[in-house]
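These entries record what I looked up around one loop and its surroundings.

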Amino acid sequence: MTTATAPLTLPEDVATAAPAATVASAATVEIRCPQQGWVAVCTLDDLTPGRGVAALLPDGTQAALFVDRAGQAYAIANRDPFTGAQVLSRGLTGSADGRTFVASPLLKQRFDLSSGDCLDDPSVSVATYGVRTTAGGGRDC
């Protein structure tokens, strides 16, 4: 897990191994936090379709960040409302009826990545965050 407010520092051997233009050219993924506004979390290249990443936000909450095969990034709360565990970033992604979802790794309930709605229990949902990508370097996930 990464802290979104910590500056990116690379070990000296890693920092000198890649040209500066390569490190700075990746698109930065930012999450919109209710109190802090847009917070840089990682680069788009750090995300792999089908795999989630947990991010610790400045207010102490956790977000689960995903990207689909088309390059669309999503962010939802990492807390599974059925168990209280911070595990949604470890869930399996898929789609049903045109809705991209993540299935909780614990009890397998599916959460729509766009709306946060639980596809298996309409009375339950998780928070969603606005996500944008900007040109330039970011922080490691």
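Entry 1. I take strands as DSSP runs of type E with at least two residues, numbered from the N terminus. The model is a predicted one. On that basis I located Leu107 in the loop between strand S8 (99–103) and strand S9 (110–112).

Entry 2. I looked up the surface around Leu107. Together with Phe82 and Leu106, Leu107 forms a nonpolar patch on the surface, and the accessible area of these residues together is about 260 Å².

Entry 3. I turned to Ser104, which is also placed in the loop between S8 and S9.

Entry 4. I then listed the surroundings of Ser104. Leaving aside residues up to four places away in sequence, Ser104 touches Asp80, Val87, Leu88, Gln109 and Phe111. With Asp80 I noted a polar contact, side chain to side chain, at 2.5 Å.

Entry 5. I searched for aromatic pairs and the count came to one. In this pair the ring centres of Phe82 and Phe111 are 6.2 Å apart and the planes stand at 45°, so I recorded the pair as tilted. The pair links distant parts of the chain, 29 residues apart: Phe82 is in the loop between strand S6 (73–77) and strand S7 (92–96), and Phe111 is in strand S9.

Entry 6. I checked the accessibility of both rings' residues. Phe82 has 31% relative accessibility and therefore counts as partly exposed, whereas Phe111 has 0% and therefore counts as buried.

Note on methods: Residues are numbered from 1 along each chain as its sequence is written. This is a predicted model: local features need pLDDT of at least 70, side-chain atom pairs count only at pLDDT 80 or more; totals for chains, interfaces and linings use all residues. Side-chain values use heavy atoms; hydrogens and water are left out. Patches are made of residues with over 30% relative accessible area and no salt bridge: like charges are joined within 9 Å, nonpolar side chains (Val, Leu, Ile, Met, Phe, Trp, Tyr) within 5 Å. Accessible areas come from the Shrake-Rupley method with a 1.4 Å probe; for residues, only the protein chains shown count as cover. A salt bridge is a side-chain nitrogen of Lys or Arg within 4 Å of a carboxyl oxygen of Asp or Glu. Helices (H or I, at least four residues) and strands (E, at least two) are DSSP runs, numbered from the N terminus. A polar contact is a pair of N or O atoms within 3.5 Å; within protein, one must be able to donate a hydrogen and the other to accept it, and residues adjacent in sequence count only if both atoms are side-chain atoms. Contact means heavy atoms within 4.5 Å. Rings of Phe, Tyr and Trp (its six-membered ring) pair if their centres lie within 6.5 Å; planes under 30 degrees apart count as stacked, over 60 as edge-to-face and the rest as tilted. Buried means under 20% relative accessible area, exposed over 50%, partly exposed in between (1.4 Å probe, protein chains only).
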